[in-house]
Structures are given as C-alpha cells and as structure tokens.
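Please keep the sequence and the model in view while reading.

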Amino acid sequence: MKHKLILFTFLGVTGGIVLGLTLKYCTPQPWSPRQIMYIKFPGEIFMSVTNSIILPLVVSSVISASCNLSKSGPIGLMALCYYSMTTSIGISLSVVLTQSIRPGKLLQYANLTSHVASKNFMTADTLLDLLRNLISDNLIKASFMQYQTILKESENVTKAPIHEWTITHQDTLGTNVIGLVFFSLLLGLAAGKLDERSRPLLNVINSLSQAMMNIMNWIIIAAPIGTFFLIPGRILEMEDFSLIFKQLGFYILTVFIGLVLQGFIILPLLYFLFTRTSPYKIILKLGPAFATAFGTSSSTATVPVTMKCLESVGIDPNVLKFIVPIGATISMDGIALYETVGAIFIIQMRGLNFSLLKIIALSITCTISCIGAAGLPSGGYMMLIMVLNSFGVPVDDVALIIAIDCFVDRFRTSVNIISDAFGSGIISHVIKNKYKRYTNSVSPEMQLLSDSKK
C-alpha cells in the first residue's frame with residue numbers, strides 16, 4: 001500500500017503507451033487533430049489543474065521557508081548561502097551537459113517543431129530585463145506577464161549600429177517567476193522578524209503552505225489518470241514513437257550523469273574543501289535515508305531518518321534540527337538539475353531557437369523557482385511546467401517527462417539528501433571553529449562565568 005502511487009503511475013504510463021500504439025498502428029486510417037484532441041481532453045484538464053495550483057504553491061512555500069530562515073540568525077544565513085551555491089552549481093552543470101549532449105536534438109519532426117523568430121537584442125538589455133522582472137512594479141501583472149525590452153531599427157537611418165536603435169518595451173505572456181519568488185522571499189523574511197503579537201500571520205502563512213501541499217498531493221495522486229490520456233495523444237502526433245524513446249533514453253542518461261557528478265563528486269569536494277575531512281564517511285552512513293528516499297520519493301519524509309543517520313557521525317544536533325528540515329524545503333539540487341535538463345530537452349526537441357543567453361536566463365529562473373519546490377513525490381515536474389510557461393514554451397511534451405518521473409525522482413531525492421547532509425556538516429564545522437576561536441580569546445575565569453550564566 002505504501003507504493004500504490006508508484007504502481008498506479010506505472011499502470012497509467014504503461015496503459016497509455018499500449019493504448020496509443022494500438023490506436024496508431026491498428027486503425028485503418030490516420031487520426032484527425034479533432035479526434036486526437038478528444039483523446040487528450042482528460043489529460044488537458046489534469047494539466048490545467050496542475051497549472052492553477054503552481055503559483056499559490058510556490059508563493060506560500062517560499063514565504064513559509066523564508067520565515068524560518070529569518071528567525072535562525074547566522075545559521076539561516078549560512079544555510080541560504082550554501083543552498084544557493086549548490087543549486088547554482090547544479091544548474092550550471094545541467095546547462096553544460098545539455099548543451100554538450102543535446103538529448104533533444106537527435107530527431108525533430110515537422111509536426112513537433114515550431115521555430116521562434118529570431119529577435120535582435122543586446123546582452124545588456126537581457127540582463128537588465130532580469131533585474132526589472134526581479135523587482136516587479138505590479139504583482140498582479142507579474143502573475144501572467146513579463147517585461148521585455150524591444151529594439152527597433154530607425155526608419156530614417158539605414159544600417160545603424162544596434163546600440164543606436166530605438167528602445168521600447170512590451171509585456172509578454174508568461175509568469176514572472178523571479179519577481180514573485182523575490183517578493184515572497186522578502187515578505188517571509190519580514191514576517192519572520194515580527195513579534196509574538198503577529199503570530200497569527202505566521203500561522204496563516206504556514207497553514208496556507210500546508211493546504212497547498214495537500215492539494216498538490218491530490219493532483220499527484222491523479223497523475224496516473226492524466227498520463228493515461230496524455231501519452232496516447234502524443235503518440236498519435238508522432239511519426240515514429242521508437243525514436244522518441246531514444247530521445248528519452250538520452251535525456252535520462254543526461255540527468256543521471258548530472259546527478260552522479262553533483263552528488264558524488266562536486267558536493268563531496270565542496271565538503272572536503274571546507275572541513276578537510278573525508279566526505280564519503282557521511283555518505284556511507286546515509287544508507288537508511290537513501291532507502292527511505294527510494295521508498296517514498298519525498299525529501300520531507302526522509303527528514304527524521306536523515307537526522308538520525310547524521311547524529312551518528314557526530315554532527316551538532318542543534319544544527320541538524322534546523323538545517324535538515326529547512327533543507328527539505330529549499331535544498332533542491334536534484335530538482336534544479338532535473339528541471340533545467342528537462343526544460344532544455346523540451347526546447348531542443350521542439351526545435352526552438354533559444355540563444356545561450358536566453359538559456360542562462362531560463363537557468364536562473366529554474367534556480368529561483370526551486371526555492372519553492374515542495375518536498376513531495378513528483379513535485380519537480382510542476383516546477384518544470386511553471387518555468388516552461390514563463391518562457392512561452394508549450395507544455396504538452398511534459399507528459400513524456402511525467403512518464404519517467406517516478407523512476408528519476410528517487411535518484412534526485414537522494415541527491416537532495418546528500419546536499420542536506422554535507423550542508424549540515426559544513427555549517428556544524430564552521431560553528432565549532434568559531435566557538436573554539438571565541439573560547440581561546442577569553443580567559444578561563446570569563447569562560448567559567450559565561451558558562452555559569454548559561
């Protein structure tokens with residue numbers, strides 16, 4: 001019964017593939033777009049419900065997590081710096097891998113390809129647009145629009161340099177993810193600084209976050225039904241389903257290469273640089289946590305097991321009580337890597353013309369959106385849908401990602417656990433060193449007086 005969601009997801013994916021192949025190869029005539037639309041309709045309803053919950057889920061999760069960060073003092077600041085650094089490393093690694101392996105470029109079909117007209121732009125304008133969207137002037141508009149600078153060539157001057165073109169702007173369709181997450185982060189930090197009289201506000205925020213996670217859990221339970229109807233529609237639209245399987249195979253390979261490099265090479269190296277001790281003794285102690293991750297596919301569910309494993313290594317329990325629970329919310333190295341690889345994979349498969357600078361902007365959006373990724377099973381593809389929507393990329397092909405998500409999800413959850421473990425170890429080491437320097441700088445009499453006061 002604990003694994004019934006895995007079983008139902010497997011049955012939904014398998015049933016969808018069998019139904020799609022049967023309809024494609026066992027019917028006398030090809031299916032019309034309207035007939036395909038009828039088959040996909042229940043799956044489209046599922047995607048619509050998923051889209052509707054993403055925005056309140058991310059906002060409430062970020063506010064709730066940042067409330068706890070602001071109340072933790074220096075430990076919270078160190079945790080935020082550590083997780084921001086590791087998530088950024090994971091994002092950078094995923095961009096390098098996808099641009100090198102290019103899993104979505106193995107095959108492109110005419111009916112799956114929609115080229116985006118190239119636009120003239122300057123690098124400075126793209127970077128400034130990121131800052132403009134970061135600090136939005138209208139939060140309501142940020143829910144569905146983004147700021148974009150447009151350069152128009154002067155009519156009276158021929159072949160003028162691009163920096164002399166007329167500068168205008170437009171609001172393009174797509175959720176301003178970075179603006180909403182940044183405001184949510186500020187609101188959460190400010191709310192965490194309130195005194196006890198404002199405790200009801202914090203209770204409302206935490207309750208809203210928990211309610212959104214419950215709704216998200218219900219949607220995940222309905223995912224097998226959604227995929228059962230989405231996959232046949234995508235199969236009927238494809239010319240050769242076997243070649244799409246090859247693309248998915250290279251996609252999975254890219255994700256696994258990234259997870260192995262991040263979890264077993266980069267993060268251990270980071271831990272060694274800070275502590276000068278072997279990182280693999282911690283990994284060897286995380287066996288029960290890995291088993292829980294594979295069974296539940298949830299970062300949140302592994303929190304008590306991870307804390308128990310790390311206590312046996314000698315990490316400060318006071319650090320563990322804060323870092324591991326907050327890490328289950330904001331430590332999303334695995335999801336960040338998976339989300340970025342998935343987004344670029346779909347962009348490549350559809351043949352969209354994204355410049356390297358736009359890929360970097362997409363990666364930054366993935367980094368920020370991962371702060372609000374809930375530690376629930378299969379929560380990563382919801383963030384992927386939001387990022388694709390913010391860049392105007394059709395989300396139909398996310399059905400292919402959902403089909404293999406229950407398999408990949410267990411490995412990226414394990415990488416999240418490794419990140420939490422090393423983060424706890426690094427922060428505990430830094431705090432111990434600071435305490436040693438403090439005790440060495442005061443006299444024994446003053447230290448004894450300080451201890452008696454405590």
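**Interior, surface and charged pairs**

In the largest nonpolar core, which has 65 residues, the members that touch the most others are Y251, F354, L362, M382, L388, V393 and V398. A nonpolar core here is a set of buried Ala, Val, Leu, Ile, Met, Phe, Trp, Tyr and Cys residues joined through side-chain atoms within 4.5 Å. Buried means under 20% relative accessible area, exposed means over 50%, and partly exposed lies in between (1.4 Å probe, protein chains only). Helix 14 (residues 333-349) gives this core its largest share, ten residues. Helices (H or I, at least four residues) and strands (E, at least two) are DSSP runs, numbered from the N terminus. Another core, of 31 residues, lies apart from it and includes Y82, I283, C309 and A421. In soluble globular proteins, nonpolar side chains tend to be buried together.

The model is predicted: local features need pLDDT of at least 70 and side-chain atom pairs count only at pLDDT 80 or more, while totals for chains, interfaces and linings use all residues. Residues are numbered from 1 along each chain as its sequence is written, and side-chain values use heavy atoms, with hydrogens and water left out.

The chain as a whole has 18 helices and two strands. Of its 454 residues, 49% are buried. Among contacts between residues at least 6 apart in sequence, 83% join residues at least 24 apart. The accessible surface comes to about 21,400 Å², and carbon and sulfur atoms hold 67% of this area. Accessible areas come from the Shrake-Rupley method with a 1.4 Å probe; for residues, only the protein chains shown count as cover.

The buried residues of helix 7 include L202, I205, S209, M212, M213, M216, I219 and I220.

S390 is found in helix 16 (residues 380-390) and is buried, because its relative accessible area is 5%. Not counting residues up to four places away in sequence, S390 touches Q146, L173, G174, T175, V177 and T365. Its C-alpha atom is separated by 9.0 Å from that of L362, 28 residues apart along the chain. S84 lies in helix 3 (residues 74-101) and counts as partly exposed because its relative accessibility is 37%.

On the surface, M85, L269, F272, L273 and F274 form a nonpolar patch with about 450 Å² of accessible area together. Patches are made of residues with over 30% relative accessible area and no salt bridge; like charges are joined within 9 Å, and nonpolar side chains (Val, Leu, Ile, Met, Phe, Trp, Tyr) within 5 Å. Helix 9 (residues 241-275) supplies the largest share of the patch, four residues. L269, found in helix 9, counts as partly exposed because its relative accessibility is 49%.

Backbone angles come next. Most residues other than glycine have a negative phi. R102, in the loop between helix 3 and helix 4 (123-134), has a positive phi near 50°. R276, in the loop between helix 9 and helix 10 (280-284), has a positive phi of about 60°. R102 is partly exposed at 32% relative accessible area, and R276 is exposed at 58%.

The structure holds two salt bridges, each a side-chain nitrogen of Lys or Arg within 4 Å of a carboxyl oxygen of Asp or Glu. R132 pairs with D129, their closest N and O atoms being 2.9 Å apart. Both lie in helix 4, three residues apart, about one turn of the helix. R132 is partly exposed at 36%, whereas D129 is buried at 9%. The other salt bridge joins the side chains of K141 and D171 (3.5 Å, N to O). This pair links distant parts of the chain, with K141 in helix 5 (residues 139-142) and D171 in strand 2 (residues 166-173), 30 residues apart.

Note on methods: Contact means heavy atoms within 4.5 Å.
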